[in-house]
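User: I would like to learn how to read a few features of a model, one at a time. Please give the general idea and then the case at hand.

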Amino acid sequence: MLLNFFKYQGTGNDFVMIDNRKEFFPKENVGLVSFLCDRRFGIGADGLILLENDEDTDFKMVYYNSDGRQGTMCGNGGRCIVAFAHYLGVVDQNTSFMAVDGLHNATIANGIVSLEMQNVGEIKEKSNSLFLNTGSPHHVQLVDGLKDFDVRKEGAKLRYGLYGEKGSNINFVDQTAEDTFNVRTYERGVEDETFSCGTGVTAVALAMYHSGKTNRDLVKIVTPGGNLQVKFRSNANGYDQIWLTGPAKLVFKGEINVES
Ligand SMILES: N[C@@H](CCC[C@H](N)C(=O)O)C(=O)O
């Protein structure tokens with residue numbers, strides 16, 4: 001059987017997109033999803049996303065990590081699915097859609113997507129790191145020499161060692177200006193460094209503000225795959241009006257032979 005797909009990337013975090021409004025995709029087939037994400041035998045991606053109908057919003061986002069399992073929220077994937085929905089004519093410039101962590105508002109203009117993230121409450125402070133949930137769990141740690149840091153090795157150590165079977169995504173950070181941070185992320189479910197992680201850079205911006213490293217509510221993030229911005233409002237309970245902004249692009253589309 002030939003399966004139609006679209007390939008998107010948001011600051012180098014790449015996704016196979018499938019229009020599943022007709023509900024044909026076998027959603028519990030872990031092997032199929034990991035095959036489609038495989039960079040040698042399949043299309044190649046950090047994750048796979050289904051665009052589905054939703055009763056109350058413009059569409060529903062169903063996200064899988066490249067290991068084939070459904071993941072928690074994906075910020076870059078959320079931005080890419082807005083670009084995909086716009087391409088399909090499902091949405092215009094403003095949209096709201098449903099994801100695993102709830103409702104998201106978003107806007108798209110000239111290939112730049114801004115995505116509103118869920119409010120964040122507690123930020124846990126540990127000895128040399130912070131931990132928070134921005135739709136997905138994130139460990140945030142400042143390091144020296146980020147450029148040459150072994151993100152895969154050190155990320156895997158913390159992902160399993162500190163957070164057990166359930167794990168966490170692990171972000172390593174270097175501050176380069178009052179409002180600017182370089183970030184490299186080890187992603188759970190990909191089990192490797194990715195070029196960028198949307199929920200991860202959101203976590204970094206909030207964690208850096210929380211720990212006093214910056215007093216800006218608009219933080220610039222540089223990832224190996226490109227630049228993102230995170231804007232937010234601090235309130236008595238944590239943070240709200242959190243917006244993640246950056247490019248999201250269609251790379252190619254095609255059809256792939258899937259054994260049936
Ligand atoms: N790449 C994503 C993060 C995806 C979630 C993560 N891998 C998990 O399931 O924990 C992003 O852009 O946020």
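User: In which sense do strand 5 and strand 6 pair, and over how many bridges?

Analyst: This is a predicted model, in which local features need pLDDT of at least 70 and side-chain atom pairs count only at pLDDT 80 or more, while totals for chains, interfaces and linings use all residues. Residues are numbered from 1 along each chain as its sequence is written, and side-chain values use heavy atoms, with hydrogens and water left out. Strands (E, at least two residues) and helices (H or I, at least four) are DSSP runs numbered from the N terminus, and two strands pair if DSSP finds at least two bridges between them. Here strand 5 (residues 94–99) and strand 6 (residues 102–109) are antiparallel over 6 bridges. The two strands form a hairpin with 2 residues between them, and Thr 95 stands opposite Ala 106 of strand 6.

User: Which residues of strand 5 are on the covered face, and which on the uncovered one?

Analyst: In a regular strand, side chains alternate between the two faces of the sheet. In strand 5, Thr 95, Phe 97 and Ala 99 make up the covered face, while Asn 94, Ser 96 and Met 98 make up the uncovered one.

User: Which residues does UniProt list for "binding site"?

Analyst: UniProt positions are in the numbering used here, feature names are shortened, and annotations may be inferred rather than shown by experiment. The unreviewed UniProt entry lists Asn 13, Asn 65, Gly 75, Asn 76, Asn 169, Glu 187, Arg 188, Gly 198 and Thr 199. From this set, Asn 13, Asn 65, Asn 169, Glu 187, Arg 188 and Thr 199 belong to the lining of the largest cavity. A cavity is a set of points on a 1 Å grid over the protein atoms alone where a 1.4 Å probe fits but cannot get out, and lining residues have an atom within 4 Å of a point.

User: Is Gly 75 buried or exposed?

Analyst: Buried means under 20% relative accessible area, exposed over 50%, and partly exposed in between (1.4 Å probe, protein chains only). Gly 75 counts as buried because its relative accessible area is 1%.

User: What does Asn 76 touch?

Analyst: Contact means heavy atoms within 4.5 Å. Leaving aside residues up to four places away in sequence, Asn 76 touches Gly 10, Thr 11, Asn 13, Phe 15, Ser 196, Cys 197, Gly 198 and Leu 228. With the same exclusion, Gly 75 touches Leu 115, Met 117, Gly 198, Thr 199 and Leu 244.

User: With which side chain does His 138 make a polar contact?

Analyst: A polar contact is a pair of N or O atoms within 3.5 Å; within protein, one must be able to donate a hydrogen and the other to accept it, and residues adjacent in sequence count only if both atoms are side-chain atoms. The His 138 side chain makes such a contact with the side chain of Asn 171 (2.9 Å) and reaches the backbone nitrogen of Gly 200 at 3.3 Å. His 138 lies in strand 10 (residues 137–142) and is buried, at 0%.

User: How many salt bridges are there?

Analyst: A salt bridge is a side-chain nitrogen of Lys or Arg within 4 Å of a carboxyl oxygen of Asp or Glu. The count is 15. Among them, Glu 193 and Arg 184 have their closest N and O atoms 2.8 Å apart; Glu 193 is partly exposed at 25%, whereas Arg 184 is buried at 15%. Elsewhere, salt bridges that share partners join Lys 7, Asp 14, Arg 39 and Asp 46 into one network.

Terms used. 1 Å grid on protein atoms, 1.4 Å probe; cavity = no way out; pocket = protein on both sides within 12 Å on 5 of 7 lines; lining within 4 Å.
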